[in-house]
Amino acid sequence: MTQMGTALRDDVADGAADVLVGGAQAAGELGLSRGEFARAVQLGIVRAGPRTLGGAARYARAELDRVRTAAGPPGALREQVETVAGAEAAAEVVGVGPSRFTRLARCGHVIPVGYRINRYRAVVWLYLTAELRSFAAREPAMLRGIAPPADREMMAARADLRPRTWRGRHIGLLLRRTADPWERAAVLASVLPEDELLEAVPDPEERIVLAALGPPLPYGHPQVPAAAAVATGLLKAGPPDEIHWYRTSLDFALAGARGQSKSTGERGPT
């Protein structure tokens, strides 16, 4: 049997075949739209199975059954991945005005789960509705009264933590989805600006490996060049301390990856 056939065949467990299905079919079986399903995969709610030779993700029906059982009543899974776009919609969920919500988000109290770029090339942040409701219930004092001193200082300095907090969340979710040392290093490398990556990984062969294993663009990343240029800027670390954190993490990950290659020769230069 070919490798493709092996990847797509039914895996037999306890005498029962477990069919691997594509993303569109998996989304339909879970009662989700393609976007909702992509969010469920991003959040680790749905775990992907073996990929095809072309790189397309496949999902085991046993995994879909597990997700349905864990989700509970009909509609509960959709509630877990439901998002709202922009400050006005998010503010309505937590019961505050848009300006207050913007301050809460810019100061890092709520973290975006995604983004889209509107026709004016402005970033529109996406938030999980369930997380917003949880925040409102957990931090009622943040929804009223004057802003704390730290927030006032940040707003006076025109600080905006949304890109950084989103990157942290995005990279963290990607790292949770793999235990492979080279893939983990590739995730960390993907967030470094080009000049920083060249310094951190001077070996061109290693950079080729990391680029090949790098994560795909986030779901919803725009295809139109002007909008894509704006969105691509969100993918790279900015403040010096943030860059330092990712460089240090990459150094540690590469040490483990290089050690694996020396001992097994499975992946990456030796």
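Okay, let's start with a term: two strands count as paired if DSSP finds at least two bridges between them. Helices here are DSSP runs of H or I with at least four residues, strands are E runs of at least two, and both are numbered from the N terminus.

Quick caveats. This is a predicted model, so local features need pLDDT of at least 70 and side-chain atom pairs count only at 80 or more, while totals for chains, interfaces and linings use all residues. Residues are numbered from 1 along each chain as its sequence is written, and side-chain values use heavy atoms, with hydrogens and water left out.

So, the hairpin. β6 and β7 make one, with five residues between them, and arginine 121 in the turn has a positive phi of about 65°. The two strands pair antiparallel over four bridges, with arginine 116 facing valine 124 in β7. β7, residues 123–128, also has β5, residues 83–85, running antiparallel to it, joined by three bridges; there, valine 84 sits opposite tyrosine 127. And is β7 mostly covered or mostly open? Covered: five of its six residues are buried, buried being under 20% relative accessible area with a 1.4 Å probe, protein chains only.

Now the pockets. On a 1 Å grid over the protein atoms alone, a pocket is an open set of points where a 1.4 Å probe fits, with protein on both sides within 12 Å along at least five of seven lines; lining residues have an atom within 4 Å of a point. Volume is the space filled by probe spheres set on the points.

The largest pocket holds about 1200 Å³. It has 36 lining residues, with Val41, Arg51, Leu174, Arg177 and Pro216 nearest the centre. By class that's 21 nonpolar, eight polar and seven charged, where Asp, Glu, Lys and Arg are charged, Ala, Val, Leu, Ile, Met, Phe, Trp, Tyr, Cys and Pro are nonpolar, and the others, Gly among them, are polar.

The second largest pocket comes in at about 220 Å³.

Last thing, α10 itself. Eleven of its 15 residues are buried, including Trp166, His170 and Leu174. At 1.5 Å times one less than the residue count, α10 should span 21 Å, and its end C-alpha atoms are 21 Å apart, so the two agree.

Conventions: Buried means under 20% relative accessible area, exposed over 50%, partly exposed in between (1.4 Å probe, protein chains only).
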